[in-house]
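Visitor: I am new to this entry and would like to go through it step by step. Could you show it to me, please?

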Amino acid sequence: MLFRSRMRRTNELIREYSIKKEMIEDKIEMQENFIKDLDKSGKDRIHRKEENIQTIENEIDELTTDNEATLVTIEKDLQPKLEELTSTNSTLKKLNSIKAKLEQKIQTLVSEHKFFQENSVCPTCTQSIEEKFRLDKIVDIEEKSKELNEGYKELEDAINVEQEKDELFLSYSTEISKLNNDITTNNVKITGLNKQIRNLRNEIQEITERSEEHTSELQSQ
């Protein structure tokens, strides 16, 4: 009877420890599965963030390439053309100044020509104007007027050429300014995108650290 009693007790203990063993094994399995799920979830989140980083880096590469191409256009194409036209505005001012003086001279000759055409007596001093002198003066004035008009025509042609150059200068200046603004805009975008990358990398680091902490805590249990 004593032996049977001990056997029953022993069998009860065996069943009790078997149940505890199964419970512990289930707990371990649950923890292992939870750790795997946690690890997988963390890796998935990290993977998505790394994909976002790659997308952003591609965008930065495109913006950087655009900036490099724009700089080449400015430095190799537009800037040399602009430098060739740098003196255009100054030349145009000088030509217009000469034109104003030439117009004044022409106007003076026109007045003198009219005077000798219409007057044989000086209206101021009432003295007679010698006919030969008057006619010679008219011929001289007409010859000078012809020379001045020819010079005036050449001057106008030169001014037109310089005006076209000045318009080109303004056009190139405007284009360069626009392209520089585009570069500035792209640099602002690049700065913002780099900030996004830094934030994503910090988030990845936080996820990794939290995952390691949770794994360590569960394993210690």
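Visitor: How many aromatic pairs does the structure hold?

Guide: This predicted model holds two aromatic pairs. Rings of Phe, Tyr and Trp (its six-membered ring) pair if their centres lie within 6.5 Å; planes under 30 degrees apart count as stacked, over 60 as edge-to-face and the rest as tilted. Phe115 and Phe116 form an edge-to-face pair, at 5.1 Å centre to centre with 85° between the planes.

Visitor: And why is the pair of Phe116 and Phe133 edge-to-face?

Guide: Their planes stand at 75°, with the ring centres 6.1 Å apart, so the pair is edge-to-face. Phe116 lies in helix α2 and Phe133 in helix α3 (residues 131-220), so this pair ties together parts that are 17 residues apart in sequence.

Visitor: Is Phe116 buried or exposed?

Guide: Phe116 is buried, with a relative accessible area of 9%. Phe115 is partly exposed at 27%, and Phe133 is partly exposed at 45%. Buried means under 20% relative accessible area, exposed over 50%, and partly exposed in between (1.4 Å probe, protein chains only).

Visitor: Which residues touch the most other members of the largest nonpolar core?

Guide: They are Leu102, Ile106, Phe116, Leu148, Leu155 and Ile159, in a core of 13 residues. The elements that give two or more residues to this core are α2 and α3. A nonpolar core is a set of buried Ala, Val, Leu, Ile, Met, Phe, Trp, Tyr and Cys residues joined through side-chain atoms within 4.5 Å. A second, separate core of eleven residues includes Ile56, Ile197, Ile204 and Ile207.

Visitor: What does Ile106 touch?

Guide: Leaving out residues up to four places away in sequence, Ile106 touches Leu148, Asn149 and Tyr152. Contact means heavy atoms within 4.5 Å.

Visitor: Changing topic, how many helices and strands are there in the chain?

Guide: The chain has three helices and zero strands. Helices (H or I, at least four residues) and strands (E, at least two) are DSSP runs, numbered from the N terminus.

Visitor: Which helix has the lowest mean pLDDT?

Guide: Helix α1 (residues 2-84) has the lowest, at 81, and helix α2 (residues 88-118) the highest, at 88. pLDDT is the predictor's confidence in each residue, from 0 to 100.

Visitor: What rules apply to the values?

Guide: Local features need pLDDT of at least 70 and side-chain atom pairs count only at pLDDT 80 or more, while totals for chains, interfaces and linings use all residues. Residues are numbered from 1 along each chain as its sequence is written, and side-chain values use heavy atoms, with hydrogens and water left out.
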